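Subject: Model for you to look at

Hello,

Here is the structure I said I would pass on. My notes follow below it.

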Amino acid sequence: MREAEYTTAQAKVAFTYNSRSPRTDPTHGRRPHRARLPNEQTRHQMVNAIQPPSQNTTTRPRISFLGCGYLGATYAICFAELGYEVVGFDVDAAKIESFNTGVLPMHEPGLPELLKKNLESGRLRFTTDVQAVADFADVHFICVGTPQRKGEHGADLSYIETAVVNLSKHLSRKVLIVGKSTVPVGTAQWVQELVDRHAPEGLGVEVGWSPEFLQESNAMHDVLRPNRIVYASQSEWASQLLKDVHRGILELAAVEDREVPVVETDLATAELVKVAANAFLATKISFINAMADLSEAAGADVVDLARAIGYDQRIGNRFLRAGIGFGGGCLPKDIRALSARAGELGVGESFRFLDEVDSVNTRRRTHTVRAVADLAGRTSGPNGPDLSGVRIAYLGATFKPDTDDIRDSPALDIARRLRSARADVVVYDPEGLENAKAYAPELSFVKTLAEAVADADVVCAMVPWEEFRTLDPEALGRQVAERRILDGMNAFDPEQWRKHGWSYQGIGR
Ligand code: UGA
């Protein structure tokens with residue numbers, strides 16, 4: 001684990017904090033002070049000689065994170081690791097109990113170890129008691145969900161409203177409330193109005209905004225070592241507090257000889273940065289998926305194409321993996337909410353392309369069902385294909401590998417569509433089985449890869465878990481009834497599989 005290379009104690013020694021405004025100096029003046037990584041011996045001495053960071057004499061505000069989902073929980077745990085005193089709040093008592101007993105109620109690599117370590121350090125705890133949270137923290141981060149509104153494209157802000165109103169009523173001193181959830185632009189202003197209405201009069205509670213960019217499955221790394229920090233405040237007081245809150249991240253960066261750019265901006269821009277980033281990423285994926293359609297029609301290979309254009313640094317080679325489309329709790333709903341908000345603000349026309357990005361993405365699902373039918377030798381009628389009697393070994397249910405999150409998972413949706421086409425779909429996923437079972441009880445679930453592939457007529461490899469990417473065509477071939485594979489991950493070498501007698505179908509190749 002990369003995190004083992006770092007202790008906050010080392011960071012404290014190595015970092016010289018410079019309080020120049022990040023607006024004029026995005027490196028926080030760290031460039032001249034870039035610290036070198038200590039060698040093994042000095043590292044050892046530092047660990048033993050330095051007080052734990054909780055006794056750091058520099059200003060470290062006490063922090064709360066309201067909402068302990070993938071986002072809030074990761075932040076709470078990582079900020080405790082960075083040396084801050086932290087409390088995580090959630091209304092779900094079972095979840096809070098789980099955190100407090102050191103059991104992470106979700107799958108996220110590296111986080112269980114960090115949870116245990118920081119509970120033991122005494123810097124981290126979780127509670128359902130909002131009064132305790134209000135009394136404890138100087139800075140409260142709002143990390144609750146902002147799902148898509150039922151039957152609409154806009155974001156549902158009711159969890160934000162509940163969290164903010166509830167917290168505000170219990171406050172008894174001036175604090176900073178900072179939004180982290182992904183929201184429509186203009187939300188921060190509305191949150192300030194809520195606070196003004198519900199906090200005791202005269203406290204002067206302020207609202208700031210600081211979007212997050214963590215990717216599930218890499219969440220711990222993204223919080224401890226972000227590629228940028230963005231925040232917005234409404235006063236010098238709040239700006240200083242935000243600087244103090246992020247100091248731990250900059251200290252760690254200095255110790256590791258890295259730069260973390262800081263963008264301090266206004267509230268509306270901070271809100272927009274997040275949705276703009278997600279919309280851009282979604283557009284990139286739909287672009288390559290559109291190219292996949294064209295490649296299939298023209299007999300080209302989209303994997304080679306993506307590699308070739310990705311060498312141009314203006315394009316870059318990441319987020320150009322064609323496949324079954326993007327899913328998860330963020331990208332799909334964020335592009336819809338952005339488009340809806342743009343419409344409300346009178347600039348909807350400029351964002352029509354996002355509706356197409358969305359359509360290209362959801363069309364992957366019908367496209368993939370057709371590809372499976374083709375492999376199985378079934379033709380599609382006006383009502384889609386009839387796959388009765390076809391046993392499908394279905395590998396992957398989560399929206400991407402290394403998570404148990406199945407929110408808007410393309411893989412799971414396609415599995416359901418195949419089931420609707422009367423296929424016998426046997427699903428295996430390394431971590432997502434429980435969540436998938438609760439969501440799609442009509443599917444069959446098995447606990448091992450071997451059970452899934454036994455006697456299969458078609459293998460659908462849908463989510464690029466390590467366990468699937470490393471499948472051996474010959475060994476797998478001995479377990480299935482028919483050597484037919486749909487590579488929804490575009491992870492295999494088609495020639496290799498064909499050499500071993502497989503009918504191979506990728507996406508866009
Ligand atoms: C996304 C963003 O990447 C984060 O920066 C952001 O903080 C987060 O949303 C959020 O808003 O909270 P995440 O939803 O965890 O992160 O997942 P990604 O790694 O972005 O993947 C999203 C989907 O795109 C997955 O279904 C993945 O399989 C798919 N994808 C990704 C592709 O189909 N092709 C690619 O090349 C890359």
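Phe89 stands opposite Thr127 in S3, where strands (E, at least two residues) and helices (H or I, at least four residues) are DSSP runs numbered from the N terminus. This is a predicted model, in which local features need pLDDT of at least 70, side-chain atom pairs count only at pLDDT 80 or more, and totals for chains, interfaces and linings use all residues. Numbering starts from 1 along each chain as its sequence is written.

Strands S2 and S3 run parallel and are joined by 4 bridges; two strands count as paired if DSSP finds at least two bridges between them. S2 (residues 86-89) also pairs with strand S1 (residues 63-66), again in the parallel sense and over 4 bridges. In that pairing, Leu66 has Phe89 of S2 as its bridge partner. Val86 and Gly88 point one way from S2, Val87 and Phe89 point the other way, and all are buried. Buried means that 20 or more other C-beta atoms lie within 10 Å of the residue's own; exposed means 12 or fewer, and partly exposed is in between, with C-beta atoms placed from the backbone. S3 (residues 124-127) has Leu124 and Phe126 on a covered face, and Arg125 and Thr127 on an uncovered one.

The largest nonpolar core has 98 residues, and Phe65, Ala76, Ile142 and Ile177 touch the most other members. A core here is a set of buried Ala, Val, Leu, Ile, Met, Phe, Trp, Tyr and Cys residues joined through C-beta atoms within 7 Å. Helix H11 (residues 267-298) gives the most to this core, 10 residues. At least three residues come from each of domain 1 (2-42 + 55-265) and domain 2 (281-505); the domain bounds come from an automatic or database domain assignment. Leaving aside neighbours within four places in sequence, Phe65 is in contact with Gly72, Tyr75, Ala76, Val86, Gly88, Phe89, Phe141 and Cys143. Contact means C-beta atoms, placed from the backbone, within 7 Å. There is a second, separate core of 47 residues, including Val427, Val458, Phe468 and Ile485.

The other sheet to look at is an open one of 6 strands in the order S13-S12-S11-S14-S15-S16, with parallel pairing. S13 (444-445) and S16 (503-505) are at its edges with a single partner strand each, so one side of each has no neighbour in the sheet. S15 (residues 484-487) pairs with S16 in the parallel sense over 3 bridges, and Leu486 has Gln505 in S16 as its bridge partner.

Two helices also have entries in my notes. H10 (residues 236-255) has 20 residues; at 1.5 Å a residue it should span 28 Å, and its end C-alpha atoms are 28 Å apart, which agrees. The expected span is 1.5 Å times one less than the number of residues. In H13 (residues 331-344) sits Leu338, which is buried, with 25 other C-beta atoms within 10 Å. Not counting residues up to four places away in sequence, Leu338 touches Val275, Ala279, Phe351 and Leu354.

Overall, the protein has 20 helices and 16 strands, and 48% of its 509 residues are buried.

Regards

Methods:
Contact = placed C-beta atoms within 7 Å.
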